[in-house]
Structures are given as structure tokens and as C-alpha cells.
Amino acid sequence: MNRINMVLRILWSLCGTLVVAAVLLLAVLNFLSKPEGDGLFGYKGYTVISGSMEPTLRVGDYVVVQAEDFDQLAVGEIITFENEGTMVTHRIISITDEGIQTRGDHNTVNDMKQVTEDKYVGRLALHIPYLGHLMIWMQNPLIFAVVLGLIAVRIAFLLLWKPEEKTHD
């Protein structure tokens with residue numbers, strides 16, 4: 001029974017550490033996701049806030065985009081770009097000398113403006129359903145403070161806690 005308890009404690013500790021690492025990674029990714037910035041190792045993350053890409057991307061999903069060469073993009077790929085201060089994630093419909101024509105999968109008409117290289121942010125690399133809801137929830141200062149407090153307690157526990165050594169007589 002002792003061995004099972006030890007394995008369960010190790011698994012519990014590992015899960016807690018992975019959750020803390022994931023939360024910290026997402027926080028850093030969000031912080032570094034300004035359009036003009038480099039992101040985290042070339043990746044930027046955004047929450048989907050409209051239904052224009054349904055059913056491919058739903059409201060509350062989280063997308064991670066990676067900066068790729070503008071000239072390497074192809075019709076059918078999903079890209080993120082800046083449009084009047086708003087980040088938009090839509091599919092490439094056509095590519096012309098003037099720029100890239102995009103449209104949301106749920107929309108019946110193309111976007112009004114073509115995407116130019118200076119407005120392009122990145123190509124879809126990863127899509128995580130529902131995570132955007134958590135990211136929006138974390139923008140509440142009270143929730144964010146509680147999560148940071150829990151992370152600090154977890155780190156302190158890992159650094160300070162020493163398991164008791166049992167001696168055999």
C-alpha cells in the first residue's frame with residue numbers, strides 16, 4: 001500500500017507541475033502576442049471572439065499562430081492579421097499582387113480589404129478548443145491574482161517540502 005501511495009503522490013505532483021507550467025507558458029505567450037512583437041519563439045496566441053470562422057474555429061477557441069514568410073502562404077491556409085486594431089483570423093481565398101484576399105468560413109462575402117505584408121501576423125499552427133474562454137476569464141484581476149497565488153504556493157511547496165524519511169529499526 002505504501003508503494004501505491006508514493007506513486008500516486010508522484011503522479012499528483014507531476015500533474016500539478018504540468019498545470020503550473022502550462023498556465024505560465026500561456027501567460028507569457030499572451031503577454032508577448034502584440035502584433036508588432038516577436039511573440040514567444042515566433043508563436044503568438046489569440047482568443048477567437050467571433051463566429052466568422054465557424055465551424056472550423058468557434059467563439060472561445062484559442063489559436064496559436066506562427067510567423068511564416070508572407071510569400072510562402074497558400075490559398076486555403078488560415079492566417080491572422082491586423083485590421084483596424086483588431087486581430088482577425090480568416091482563411092486565404094486568393095493571392096494577388098496587391099495582397100491576400102481572405103474570408104471567414106461562415107461568411108458569404110470576402111473581407112473588404114486585402115491583407116498586406118505589414119498587416120500579416122502569422123499562419124495558424126495550433127487550435128485549442130475552449131481554451132479562449134479560460135483566457136478571457138483570467139483577464140479578471142481577482143481570478144488572475146488567485147491563480148498567481150496558487151502557482152506561488154505550488155512553487156513554494158516544491159522548493160520547501162521534504163518528504164519524511166522513515167527509519168527501519
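1. Contact here means heavy atoms within 4.5 Å; helices (H or I, at least four residues) and strands (E, at least two) are DSSP runs numbered from the N terminus. The model is predicted, so that local features need pLDDT of at least 70 and side-chain atom pairs count only at pLDDT 80 or more, while totals for chains, interfaces and linings use all residues. Residues are numbered from 1 along each chain as its sequence is written, and side-chain values use heavy atoms, with hydrogens and water left out.

2. In helix 1, Trp 12, Ser 13, Gly 16, Thr 17, Val 20, Val 23 and Leu 24 meet Val 147, Ile 151, Arg 154 and Leu 158 of helix 3. By class, this contact has seven nonpolar, three polar (Gly counts as polar) and one charged residues.

3. Helix 1 (residues 2–31) and helix 3 (residues 141–160) pack at about 135°, with axes (lines fitted to C-alpha atoms over the stretch in contact) 11 Å apart. Helix 1 is therefore oblique to helix 3, the class left after under 35 degrees (roughly parallel), over 145 (roughly antiparallel) and 65 to 115 (roughly perpendicular).

4. Beyond its neighbours within four places in sequence, Phe 70 contacts Ile 100, Val 115, Thr 116, Glu 117 and Tyr 120.

5. Tyr 130 lies in the loop between strand 6 (120–128) and helix 2 (131–137). Tyr 130 is exposed (over 50%), at 62% relative accessible area.

Methods
Axes are lines fitted to C-alpha atoms, for helices over the stretch in contact, and angles run from 0 to 180 degrees between N-to-C directions. Buried means under 20% relative accessible area, exposed over 50%, partly exposed in between (1.4 Å probe, protein chains only).
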